[in-house]
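Here is a short briefing on helix packing and charged pairs. Please keep the model open while reading.

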Amino acid sequence: MKNLHDVWSRRLHKYTIEVQNYLKYIFTGHIAVVLLFVLGAAGFAYSEWIQDIPPEFPAALLLAGLFGLLLAISPPSTLLKEADSVYFLPLESQLDEFLKPALKWSFLSQLYLPLVVFIVSLPMVNAIYGLPSSYLIGFPILLLLIKWWNIQTEFAFRKQGAGEKVWVDRLVRFLLIALFVYFYVEEQLIIAVLVLFIIIFYGKWIARKATGKPFAYDHFISLEENRMLRFYQFANYFTDVPHLKGKIKARSWLNWIYRFIKPGPRNAHLYLILRTFIRSDELFYLWVRLTAIIMVGTWFIPFQIGVALFAGALAFATVIQIWQGLTHAQHFRMDNLFPLTKFSRQLAVRKLIMAMQLLQSVAAAVVLLFLGEPVTALLTFVVILAVSLITAIVLKSKKN
């Protein structure tokens, strides 16, 4: 080991390779199709909405809230490991060689969301305020600088207090950034500049409090482990992550569902698969999240074909991921004790998926009926079921 900068470089190289290995399973052709439909439907709905946007729409307030959240939540990505609290301790005087590139990486890796929101906001700002050069040129530059300030400030706050009450720091920064964005978009530049000075002063005050404080190894290692755990849990929806153990919960409040399955060897696979689905956090919450997103989308998308495309795309994603989660190789299953060779496990998986997709289609249709859109409700109901059935049939044929 020459120095800690080399340690960071090697660790970042290994990290990017590992992330790329999982991303190639996440962004497959199936997901690309889903994203294409979702982005197309969302883009079309947004363009239609922009044409009829009321002049009194609170765009500045909306952007203030969005940018406040995206910029204030700036956790440092240090790539620290558990053993570093021992091996880095004698080198703490040289720790900046590791932390400076880590903070630069944190800044670069968190830029995409604020930039996407800025680009998407341009038509809305143009429709309401016109598109002044101060917003088109000056605002993105200020966003980059404020994001870098947030990375530095959150790191300093976590260091000086070992992560205690970080929500207070984030709340303060959220309010300051939201005020700055609001007054900047409203072209009240004098007030925006005054808020910007307060932002700078707050960051310097936190940095001064962190000066001389020992590095909180346990906190930053825990923060990094939790960040990677969230990534692995997300990747596990698409492919098997060997070192990730899925969480299992009994969910006894759903035991009444099992009564709908008639006892007997013909339904043994279906019973076991249903228990697996309900008790698995990954699969159960996956279905709940995607169904909730469909319901929200059907509420806000203003045109019929957009609702159908959006619901169909997410139904496709739901079936793909549940199928993979229930049919991937397992070390042990209960049916291995009493092999049921006469009955198909894949058929049972398809039955379960279609039952869950029936519930998903009913949920979307109920939202649309509540909005007084019976034709769209019927169309969405049929689209979700049709896409789910066709996807399940194709997946079964590929498996065979």
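Are Asp 169 and Arg 173 buried or exposed? Both are buried (under 20% relative accessible area, 1.4 Å probe, protein chains only; exposed is over 50%, partly exposed in between). The model is predicted: local features need pLDDT of at least 70, side-chain atom pairs count only at pLDDT 80 or more, and totals for chains, interfaces and linings use all residues. Residues are numbered from 1 along each chain as its sequence is written, and side-chain values use heavy atoms, without hydrogens and water.

**Salt bridges**

- The structure holds six salt bridges (a side-chain nitrogen of Lys or Arg within 4 Å of a carboxyl oxygen of Asp or Glu).
- Asp 169 and Arg 173 pair at 2.8 Å, N to O.
- Arg 173 also pairs with Glu 154, at 2.9 Å, N to O.
- Glu 154 lies in helix H7 and Arg 173 in helix H8 (residues 166-185), so this pair ties together parts 19 residues apart in sequence.
- Glu 154 is buried, at 0% relative accessibility.
- A salt-bridge network links Glu 154, Arg 158, Asp 169, Arg 170 and Arg 173.

**Helix packing**

- The axes of H3 (residues 59-72) and H7 (residues 133-161) come within 9 Å and cross at roughly 40°.
- Helices here are DSSP runs (H or I, at least four residues), numbered from the N terminus.
- Axes are lines fitted to C-alpha atoms over the stretch in contact, and angles run from 0 to 180 degrees between N-to-C directions.
- In H3, residues including Phe 67 and Leu 71 take part in the contact with H7 (heavy atoms within 4.5 Å).

Definitions and conventions:
Helix = DSSP H or I, 4+ residues; strand = E, 2+ residues; numbered from the N terminus.
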